[in-house]
Amino acid sequence: MQKIRLLLTGFLLSALLVQAQTDNGVYRMEEARNPQKRDLIRIPNLNGFQTLKCDFHQHTVFSDGHVWPNVRIQEAWREGLDVIAITDHIEYQPHSDDVKVSHNRAFELAGESAAEANIILIKGSEITRQTPPGHFNAIFTGDASAYVTDREGDKKDKEAVLKPAEQDAFIFWNHPGWKADQISGSYKWLDFVEELTKEKILDGIEVFNGFAFHKKALDWCVDKGLTVMGSTDVHNLIAHDYNLGGGFHRSMTLVFAKERTAESVREALEEGRTVAWSNNLIAGKEEHVRNLFDACIKVSNSYYSKENKGKNGDGSSTYYYEIKNKSDIYFELDLRSGDATKKIKLYPGSSQILTARSGQKSVTYEVVTAFVRSDRHLIVDIPLN
């Protein structure tokens, strides 16, 4: 009888413990799903400009996306973005049997949600031509109802891009390397694109599209004076395509704007003040990538030194410094000249110890996660005080 009582008591305690864990689990789950929680992206402002986190290429059910327009606003708010554009396809409408085709409707439906969430919503469309030449995003557009919907014919290609251009839209070439191994000519600097560039119709190129890095597009931006762009091109939920949290984020364009307004975003894009960011990589024109690195990374004065002894006992000393990453960008540095720590990995919001032999005013590193051309990384000199 005593054994039975002990067994029953143990069973009840176990049941209570499981219940308590379940209750706590439910509570934690509710906390995790709290729609009022906004995750902030830590990237410093630089040189008097505000760093705005932007995604200018997204889809909804009004073309081939899987979500309603206000969902894009909710995602952008929770994930710490400042600016988004909804750019549904003009020529491709696979949901037309279920959703009335209206090229302005997604922007109209998302407008109030964006205002309430303090998200700058830019009106846009995706001009969806056959590949090549491929797809072009037009943002800061006017009425899209008269845009060209016929996908066939070279003359129609020019007309399709001219329609938003006549409305003074900002136009960038989407994912130029898309299906490069399947469609001939899809990853080349085409005569059509050259024509658009010379006529100042084309303003930028998508270097990052989701997780795809179109490296040649970075060279084209640098050589042709076009703006470097990075976007998700998301069709499903962001959380479906991206493993958010723990340093992961959606692909985006970092825009260095004078103010947090649509007008300042447009001015910055026209001036090319951007860096594209995807996963653990950034890419852009060297000036802007360098300015961003300098704003994110700080090196302390030496806080400790010790004399080198043994086989290194040449009268020199080793100095210790703290190198700190103030951002959510991942930086990986490889030593290129000088006598110092060979490799430095700076995870978001972290710091690492840097050691260097005495007698050096600086050491030089290659930032292998920062591209300034398709085959060249940012080179930085780290001063040693």
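Helices (H or I, at least four residues) and strands (E, at least two) are taken here as DSSP runs, numbered from the N terminus. Some notes on the model follow.

1. On provenance: this is a predicted model, so to speak of local features takes pLDDT of at least 70 and side-chain atom pairs count only at pLDDT 80 or more, while totals for chains, interfaces and linings use all residues. Residues are numbered from 1 along each chain as its sequence is written, and side-chain values use heavy atoms, with hydrogens and water left out.

2. The overall picture: the protein has nine helices and 19 strands. It runs to 385 residues, of which 50% count as buried (buried is under 20% relative accessible area, exposed over 50%, partly exposed in between, with a 1.4 Å probe and protein chains only). Taking a contact as heavy atoms within 4.5 Å, residues 24 or more positions apart make up 66% of the contacts with a separation of 6 or more.

3. Have a look at Lys 285, which sits in the loop between β11 (281-283) and α9 (286-296). What does Lys 285 touch, leaving out residues up to four places away in sequence? The list is Cys 221, Val 222, Gly 225, Leu 226, Thr 227 and Val 228. Thr 227 is 58 residues from Lys 285 along the chain, yet their C-alpha atoms are separated by 8.7 Å.

4. Now the nonpolar cores, meaning sets of buried Ala, Val, Leu, Ile, Met, Phe, Trp, Tyr and Cys residues joined through side-chain atoms within 4.5 Å. The largest has 49 residues, and those with the most contacts inside it include Ile 282, Leu 292 and Phe 331. A second, separate core of 32 residues includes Ile 90, Ala 169, Leu 196 and Ile 205.

5. Helices α2 (residues 69-78) and α3 (residues 105-117) have axes that come within 8 Å and cross at roughly 30°. That makes α2 roughly parallel to α3. (Axes are lines fitted to C-alpha atoms, for helices over the stretch in contact, with angles from 0 to 180 degrees between N-to-C directions; under 35 degrees is roughly parallel, over 145 roughly antiparallel, 65 to 115 roughly perpendicular and the rest oblique.) From α2, Pro 69, Asn 70, Ile 73 and Trp 77 meet Ala 106, Leu 109, Ala 110, Ser 113, Ala 114 and Ala 117 of α3.

6. Helix α8 (residues 262-271) has Ser 264, Val 265, Arg 266, Ala 268 and Leu 269 as its buried residues. After α8 comes Gly 272, with a positive phi near 75°.

7. Most residues other than glycine have a negative phi, and most peptide bonds are trans. Here, a cis peptide bond joins Thr 131 and Pro 132, with omega about -10°, and the bond from Pro 132 to Pro 133 is cis too, with omega near 5°. Pro 132 lies in the loop between β3 (120-128) and β4 (135-139), and Pro 133 is found in the loop between β3 and β4 as well.

8. Two residues other than glycine have positive phi values to look at: His 175, near 25°, and Asn 279, near 55°. Are they buried or exposed? His 175, in the loop between β5 (170-173) and α5 (191-198), counts as buried at 7% relative accessibility. Asn 279, in the loop between β10 (274-278) and β11, is partly exposed, with a relative accessible area of 32%.
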